[in-house]
Amino acid sequence: MLRYGCNRFLGLGQRTPQTGAQGVLVRLYHERVVDHYNNPRNVGSFDKNDPSVGTGLVGAPACGDVMKLQIKVDEKTGQITDACFKTFGCGSAIASSSVATEWIKGRQKEEVLTIKNTEIAKHLSLPPVKLHCSMLAEDAIKAAVKDYEAKRVKAGTSGKAKEDEAAHA
């Protein structure tokens, strides 16, 4: 029942009238969106208290989409070793999250900040009314990197304070 509803929502399986006996399958979303929606990559979550994990939580109040994207960073090299997401929203939001996690794995954290929503939207062939989904993905990437950097600064500051205490003791 759920699959039927989702397929109907995505425009899969609908037939349009044609002069012949055979109908034409109408697909409202690009096949990449449908693929990432039906087979999302990297779904899950990491421990947000892990110092090597950055978490980006963003949402679009207008449509109700909420996206949590997490990155795991090698602290020595700055390379993103793993990424995952959990998204509550439409098929385009789920697909944008899935694509984003695929694109950022194995790249430097500075490099992923150059990924633009227009690249994600173009890759998925998102219609203009769904561009906000790719914007959420871009914002989630930036928020995850920002969270990771904030943890590094906090750990560095608290580490220095502990060293100062030890030196004065």
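Two strands count as paired if DSSP finds at least two bridges between them, strands being DSSP runs of E with at least two residues and helices DSSP runs of H or I with at least four, both numbered from the N terminus. The model in these views is predicted, so that local features need pLDDT of at least 70 and side-chain atom pairs count only at pLDDT 80 or more, while totals for chains, interfaces and linings use all residues. Residues are numbered from 1 along each chain as its sequence is written, and side-chain values use heavy atoms, with hydrogens and water left out.

**View 1. The open antiparallel sheet S3-S4-S5.** Three strands, in the order S3-S4-S5, make up an open sheet with antiparallel pairing. Its edge strands, each of which pairs on one side only, are S3 and S5 (80-88). From one strand to the next, the twist averages 15°, where axes are lines fitted to C-alpha atoms and angles run from 0 to 180 degrees between N-to-C directions.

View 2. Strand S4 (residues 65-73) runs antiparallel to S5 and is joined to it by eight bridges. Lys68 has Lys86 of S5 as its bridge partner, and Met67 stands opposite Thr87 in S5. Six residues lie between the two strands of this hairpin, and Gly78 in the turn has a positive phi of about 80°.

**View 3. A nonpolar surface patch.** Leu57, Val66 and Phe88 together form a nonpolar patch on the surface, with about 340 Å² of accessible area, computed by the Shrake-Rupley method with a 1.4 Å probe and with only the protein chains shown counting as cover for residues. Patch members have over 30% relative accessible area and no salt bridge, and nonpolar side chains (Val, Leu, Ile, Met, Phe, Trp, Tyr) are joined within 5 Å, like charges within 9 Å; a salt bridge is a side-chain nitrogen of Lys or Arg within 4 Å of a carboxyl oxygen of Asp or Glu. Leu57 belongs to strand S3 (residues 53-60) and counts as exposed because its relative accessibility is 59%.

View 4. In helix H5 (residues 117-124), the buried residues (under 20% relative accessible area; exposed is over 50%, partly exposed in between) are Asn117, Ile120, Ala121 and Leu124. Seen down the axis of H5, these residues fall within an arc of 95° and so line one face of the helix, the arc being that of the directions from the helix axis to the C-beta atoms. The exposed residues Thr118 and Lys122 are carried on the face turned away from the buried side. The C-alpha atom of Ile120 is separated by 6.7 Å from that of Ser96, 24 residues apart along the chain; Ser96 lies in helix H3 (residues 91-104) and is buried, with a relative accessible area of 0%. After H5 comes Ser125, with a positive phi near 55°.

Definitions and conventions
Buried < 20%, exposed > 50% of the residue type's maximum accessible area, 1.4 Å probe, protein only.
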